[in-house]
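Here is a short report on the model below. It goes from one chain to one residue, then to the contact between chains.

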Amino acid sequence: MAGRRREGRARWSSTLRADRWVVPYLGRYGKVMLAALALGVAGSAFAMGLMFTSGYLVSASALVASIIVLHVPLACVQLFGVGKPLLGYGERLASHDWVLRMTSSLRTRLFGAYRMLCRQGTGRFDAAAREAMGFLGEDVAHIQNLYLRCVFPMVVAWGASLVALFAIGIVSVPFSLLMLVEILVTAVVVPLWSAAVNGARIERQRALRRERLELLADDASAAADWLLSGRRDDFLARQQALSGQERALERARNRFDYGRDIAQAALFALAVAAAALWGAAVFAPAGAFEASWMCAFAIGLMPLFDAIALLGPAAEEAGSHRDAILRLNRLAEPDGRCGGLRASGPSTPDPSCPLAVEFRDVTFGYGDASKRARGTAVMDGFSLAIPVGQKVAVLGRSGAGKSTLVALAAGRLHPQAGEVRLFGRPASRPGETPASELVAFVQQDAYLFNLTLRENLLVGDAEAGDEALEAALRAVGLGELLAAMPRGLDTPLLEGGIRLSGGERTRVALARAYLRKSPLVLLDEPFAALDERTQEAVTRTLLEAFADRTVVVVTHDERNLGRFDRVLVLEP
Amino acid sequence: MFDGRLLGFSGVRAALALCCLLALAMAAACFGQSAALASALDALRAGSPADAAALPLATFVGCLVVVRALGCLQDRVADARAWAVADELRDCLVGKLFDSAGRVSARQGAGAFASLAVEGCSQVRTYLRLTLPRAANLAFQMVPLLLCVTALDWVSGVIVAAVVPVMVFYLALLGKQAKASAVEQLSRGSYLSGHFLDSVHGLPTLVAFGRDGEWGASVRRASERFREATMATLKVATLSGAVLDLGCTLAGAAVAVMLGFRLVDGSVSFLGAFTVLLLVPLALAPLRAFASDFHATLDGRESLTRVLELVQGLPKEPCGVGDGGLPEDAESGPREASLRGCAPSAASAGSAETMLRCEGAAFSRDGAPILSDVSLLVPRGSKMALVGRSGAGKSTLLSLMAGMEEPCAGRLCSPAGGCGRLAQARWRDRVSFVPQNAAVLAASIRDNVALYRPCASDGQVRRALEQVGLGDLLDGLPDGLDTVVGRGGRALSGGQAQRLALARALVDPDRDVLFLDEPTASVDLWTEAEMAPALLRAMEGRTVVMATHRLSWLEHFDQVVVLEAGRVVAQGTPGSLAGILGGVCAPEGLAGAAAEHLSLRGALEGRCGDGRQA
């Protein structure tokens, strides 16, 4: 048990030491944070004040002839009674505002980090970012919860404890120290202990849950094979086994929680009893009226204990947020600032050159040049010329280098030797990832944003007017779709029930490229996800819409090759 | 307030009754706790020695611990029942997934289905675990405690009792409002936090168009807009909680003030008054707990609805209008006699043994007819090719023939298994199926290959893998047959996955009927060429039905069936149909285009200077 606890603590401390995504944000928006904390502590103090003055009032009024004598406690009861819920409301709003401000900066920074990764080349973006990307939304939510449900209540409870200890300390320092021990045990030691014991269980449970999800998603896609196998019980058992493990973990967790809660309840009860006895010793000798303070102190701490009792579960939960922090920190943040990258590359064609794309003795390979053996290069002394206006299909088995060819032509990769020229100009300069105006690049399953049709098209040309957008849509065969859209160009693409078919999505991507007006259009397997009939129709549209441009398409679709001027089959 | 659907699950009523009993016991302990502390303080303030207060204080500590322990017990009862219910629901869903060959998950996708069956059932569990004790405490802890308060001091009773209905009313009203605004905020939240994810996913596209710089600013703006929208809704959404807090706190304060007045005029004793003061927060605690967990249970309620929809849903599709299928009652009446030919006893009639007979089969999905009046005869050992444009119904016909779906009219009969629903299961034992994109289970290679025949020996599995040309892959794996593939394991290429599915079919000699749904459609030409020998080997000695669009495959088949818009339009040998097939099937490979073969290493072509190439 001790070993596990140490391990838990060590993992947390190393996690936080190496952290770049959570701790640095604590201090940001300090004013809002302090306001939220102050409201929280004041709310807890008011709750204690209400119990304290109520106890005093009830006890004292049994002994006085007129209630007027007790106008101060009466007023306090009313003040605390009204003030506490209002402070609580303010605290909730302020703390949420702070957390949302913070995640707002966090998101912006995350986007910048991903942007840099993406700019540094397609390969790196895929490898480093894909894994974390699936968790990104969840991770940001985790960090919000870590603050709102773990860090914040803990700090507030500690602050309220200080207020209470100070109030007791005015009367008796020794008793204040005794309560300090009680609070240290219940508000610091117990939560840490809970986090160490049950945090690991929660993490394990989350991992199991994810495993179940993936297994079931897999089995759902393989359900037809399972049905043929006739092994229904085995199929159910795959889920049952993991669920059983999860249940066992939760049982163990609950057992710990029950024990902890009961022990903590006993500690609180003993503290109340101690306060009563201490109060009796201090105040009762001075007479029954003075003894009202005893009643006040005995029950005044109860709301504090209620707040502290919630810290154990909160600390346990913190463990489940650790993964998120680790994942964010694993995300390599490249050096340099996002703003430093400018779109560059050639912008005007050389009218005297009849070639749109030209590879001259190009050598290219991925990875570190010094470690790479010469034989492993994807391209070695490769040359190719594509005249202006030609429509070229590029085929080849997977791994043959089709995507590399297109990325080099787009200037997104820079050759190690030789030269790639676009319309007689160099396509790229070393160390830069230009977005040349001469090239429109449509990737494999081009991305459509969950925005309006207009915003999606403007990705191609930010300045395009409505007429240009409509013309582009007509050119790619989406004129009818536009007419059918309830709000025209302002129709959200993926909301409001308007779902585009695969073919329509590809056409929107083509419309973007059309809007870009660049003389060279490069497409990397744009039709991979389409059925054969749609492939044929979209290929026809593509060649018609871009009749006056140079087009290079990487494709697997061998049925429509006859429509191209030229078919290149790459052989590694 | 209590979801009646929950009572329908086995054991929930008993668990609820137990929770109610425990709640009653908690109420008693709460009263004991308050009375004990009040009497201890009463004794101490009267100047009695500490010894006199020892017993009541000990009682106070004891009662408080008992209350806590009873609460834990209640949680345990509810938790055990909640697990049982969630497991039952999950088994139901997963069973449904199995029985429907995955169609139950087709509409929302495998991932969404999995998340409903795992996360959704877990939310239902949380819902049940929270609701049972909360509802029990509301009725059997709060009410008795309020009665105690009233008995001790009727004025306090009136104050608190006045708060409760107002609170419940507020709760219902604001709960509804908070639900509406929470839903709105949630949809907005998911939209805007979606905008962030959306932007990250679309980054390669943005970079390709050089628009990523401006987009960063829009992410920030969207995030700020989200914060403002959330704050606006939070102001309303947290109001219900704040009002409840206000009501409960004010009730406590009012009770304290009124007790003060009544103590001054001597109408209550200190002991009674202090007991009431301590009891009021305890009495209102179940109400607070219920309110604070209210939002947490909304998810569970919603999940329960969706799970139940899926569990009860998926009725058999009726045939769409206008199809030529047989009427639904075809299974009875005079036809029965003629169909008896399907029964094993009569199967020996005729020399060419029939493997499968399709009689007027029709099928609809979402009301749209996909197949109508398809009648086919598949003789034992024959090789039949299904050709037709995409959408002609090839895949649907294959899954009907493989027994994975039922026709909405007509029937499929096999001499070995007979006709009808029960026969399907027996028929499926003889069938293997290779789809366009074969599924790879997240399991070892052995388990993947031995899916149809878990008892297969390593030697058999290895032999099957060698037959489909995966022997080299296997030899290169350090863990051999134990290598885990699929998600989270070693990734397989499309061609490898297809061959793995073929090996699955080969490992079980009892499965002598092979259905292939364009097994090479998802791989490139080169991979297809590599796969061909394995496919042909798998076809040897089996009855085969294969959907394809490649002319080159047809030479290996003795029958071709041409489908168009869900109907059989032609049937015959490949030779006899040569005239039609050209229009339906794709030209071969790279034929039809003059292809240039380029080597990326060392090919030399024209330069800008020396002009026109190709």
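Two residues are in contact if their C-beta atoms, placed from the backbone, lie within 7 Å. The model is predicted. In chain A, take the contacts with a separation of 6 or more: residues 24 or more positions apart account for 79% of them. Chain A has 572 residues, and buried residues make up 49% of these. Its secondary structure comprises 18 helices and nine strands.

**One residue in chain A**

A:M179 sits in helix α7 (residues 173-221) of chain A. Is A:M179 buried or exposed? A:M179 has 22 other C-beta atoms within 10 Å. The cut-off for a buried residue is 20 or more, so A:M179 counts as buried. Beyond its neighbours within four places in sequence, A:M179 is in contact with A:L165, A:I168 and A:A271. Take A:L165: this residue and A:M179 are 14 residues apart along the chain. Their C-alpha atoms are separated by 7.1 Å.

**Where chains A and B touch**

The contact draws 135 residues from chain A and 132 residues from chain B. Which element of chain B gives the most to the side that touches chain A? Helix α7 (residues 212-264) of chain B does, with 26 residues.

Key. Residues numbered from 1 in each chain as written. Chains lettered and ligands numbered in written order. Predicted model: local features only at pLDDT ≥ 70, side-chain atom pairs only at ≥ 80, totals over all residues. Helix = DSSP H or I, 4+ residues; strand = E, 2+ residues; numbered from the N terminus. Buried ≥ 20, exposed ≤ 12 C-beta atoms within 10 Å, placed from the backbone.
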